Amino acid sequence: MLKPRHRIVLDTNVVFAALRSRRGAAFRLLSLVGAGMFDVYLSVPLLFEYEDVLRRGTTGLEPADVEVVLDYLCGASRRQEIHFLWRPCLRDPKDDMVLELAVASQCTHIVTFNTADFGGIERFGLQALWPAEFLRLLGEKP
């Protein structure tokens, strides 16, 4: 019997960290996007958040390279519209946006470096994991 695929949302800090360094678990996880091991979900507001953070120039990437990464994420992710807002649920409205996407797309995990910011999401059937924890869940080395 096939195991159900994990459905995840990548918090902006994971995408940012992956593009800042090729050594960490965030980069390893981002390199597995589109490989068929899990499904990544994306909404238009979250894509705009990624774009805003990545275009600030602190990743060391040229604007054209940021565009390539964003295009890849758009192509490799499943797009989800949000029809119901759960706000306010978390302290940060941008985290609420991530939570709403995860709930709407029936995700199993939010992958983030700020797991404490997602306290209480268990009531939605979600778990917040660091990138290394999610890789171990997949049976991959961080």
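Strands β4 (109–111) and β5 (127–129) are joined by three bridges and run parallel, where strands are DSSP runs of E with at least two residues, helices are DSSP runs of H or I with at least four residues, and both are numbered from the N terminus. Two strands are said to pair if DSSP finds at least two bridges between them. Within β5, Q127 is the bridge partner of H109. The model described here is predicted, so that local features need pLDDT of at least 70 and side-chain atom pairs count only at pLDDT 80 or more, while totals for chains, interfaces and linings use all residues. Residues are numbered from 1 along each chain as its sequence is written, and side-chain values use heavy atoms, with hydrogens and water left out.

**The sheet**

The pairing of β4 with β5 belongs to an open sheet of five strands, which follow the order β3-β2-β1-β4-β5 with parallel pairing. At the edges stand β3 and β5, each of which pairs on one side only. In general, strands of a sheet pair through backbone hydrogen bonds, either parallel or antiparallel.

Strand β2, residues 38–42, is joined to β1 (residues 6–10) by three bridges and to β3 (residues 78–79) by two bridges.

Five of the five residues of β2 are buried, buried meaning under 20% relative accessible area, exposed over 50%, and partly exposed in between, with a 1.4 Å probe and protein chains only. In a regular strand the side chains alternate between the two faces of the sheet. In β2, F38, V40 and L42 lie on one side and D39 and Y41 on the other, and both faces are covered.

**The core and the helices**

F38 is also one of the two residues, with L10, that have the most contacts inside the largest nonpolar core, which has 42 residues. Such a core is a set of buried Ala, Val, Leu, Ile, Met, Phe, Trp, Tyr and Cys residues joined through side-chain atoms within 4.5 Å. Leaving aside neighbours within four places in sequence, F38 is in contact (heavy atoms within 4.5 Å) with residues including L29, L32, F134 and L138.

Helix α2 (residues 25–32) and helix α6 (residues 131–138) have axes that come within 8 Å and cross at roughly 50°. The contact between them is made by A25, A26, R28, L29 and L32 of α2 and by P131, A132, F134 and L135 of α6. The axes are lines fitted to C-alpha atoms, for helices over the stretch in contact, and angles run from 0 to 180 degrees between N-to-C directions.

A26, in helix α2, is in contact with V14, A17, A18, F113 and P131, when its neighbours within four places in sequence are left aside. A26 and P45, which are 19 residues apart in sequence, are 21 Å apart in space, C-alpha to C-alpha.

| Residue | Relative accessible area | Class |
|---|---|---|
| A26 | 4% | buried |
| D96 | 3% | buried |
| Q106 | 60% | exposed |

The C-alpha atoms of D96 and E122, which are 26 residues apart along the chain, are separated by 14 Å. Q106, for its part, has a phi near 55°, a positive value in a residue other than glycine.
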